[in-house]
Amino acid sequence: MDAEPLCDKARALLDDEEDRHDEAIALLRQALAVREPSAVDLLARAYLDRGYRHEAIELLGPRVRAGQSELALQLADVLTTIGDFERAEQAYRIAVAEGDAPAMNNLGILLRGRGRLREAEVMLRRAAEAGDERAPAHLVAVQWELYGDPEAALATAQH
């Protein structure tokens, strides 16, 4: 017997060449109601594929507040796309507290965009040390902005 029959059907609909997202969303709402483990991730994906950002936030937000930190990065990224930078920063910090290197990188980018370059430098350095492959390039850019010194940026780029 299949452990996630509704999610499996919905996944196939989401991956179908035809646009069958509405059918998948209906199935995933049922899957959520019966607590199939993959339902939240798949429903968030379906919402985002459709451009339903607010629905994704309504789905993810309460779960992150309830302690599902594995959803925090996804929530933060969605909040960033709608310009809710305060809540995005809070969600990124939840993911960062769990050691999520991509969240560290994305938070560093957010801080840079908000003019908080010293904080961005610290976060991007942490992301790079945690293994995020994108972080060193962002760190070099922040150091260039912060210090205007090609030597410091070059030294970072070479490590």
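View 1. Leaving aside neighbours within four places in sequence, R125 is in contact with L139 and Q143, where contact means heavy atoms within 4.5 Å. R125 is found in helix α8 (residues 117-129), helices being DSSP runs of H or I with at least four residues, numbered from the N terminus. At 33% relative accessibility, R125 counts as partly exposed, since buried means under 20% relative accessible area, exposed over 50% and partly exposed in between, with a 1.4 Å probe and protein chains only. The C-alpha atoms of R125 and L48, which are 77 residues apart along the chain, are separated by 30 Å. This is a predicted model, in which local features need pLDDT of at least 70 and side-chain atom pairs count only at pLDDT 80 or more, while totals for chains, interfaces and linings use all residues. Residues are numbered from 1 along each chain as its sequence is written, and side-chain values use heavy atoms, with hydrogens and water left out.

**View 2. Packing of α1 against α2.** Helix α1 (residues 5-15) and helix α2 (residues 21-33) pack at an angle of about 160°, with their axes 8 Å apart; the axes are lines fitted to C-alpha atoms, for helices over the stretch in contact, and angles run from 0 to 180 degrees between N-to-C directions. The two helices α1 and α2 are therefore roughly antiparallel to each other, a description used for angles over 145 degrees, whereas those under 35 count as roughly parallel, 65 to 115 as roughly perpendicular and the rest as oblique. The crossing of α1 and α2 is left-handed, that is, the near helix is turned anticlockwise from the far one by less than a right angle. On the α1 side the contact involves L6, C7, K9, A10, L13 and L14, which meet H21, E23, A24, L27, L28, Q30 and A31 in α2. By class, this contact of α1 with α2 has nine nonpolar, two polar and two charged residues, with Ala, Val, Leu, Ile, Met, Phe, Trp, Tyr, Cys and Pro counted as nonpolar, Asp, Glu, Lys and Arg as charged, and the others, Gly among them, as polar.

**View 3. The buried residues of α2.** Within α2, the residues H21, A24, I25, L27, L28 and A31 are buried, and the buried residues of this helix α2 pack against α1 and α3 (39-50). An α-helix has 3.6 residues a turn, so residues three or four places apart point the same way.

View 4. The place of R35 is in the loop between α2 and α3, where R35 has a positive phi of about 65° although it is not a glycine. R35 is exposed, with a relative accessible area of 75%.

**View 5. Packing of α1 against α3.** The axes of α1 and α3 come within 11 Å and cross at roughly 25°, which makes α1 roughly parallel to α3. The crossing of α1 and α3 is left-handed. The contact is made by C7, R11, L14 and D15 of α1 together with A39, L42, R45 and A46 of α3, and by class it has five nonpolar, no polar and three charged residues.
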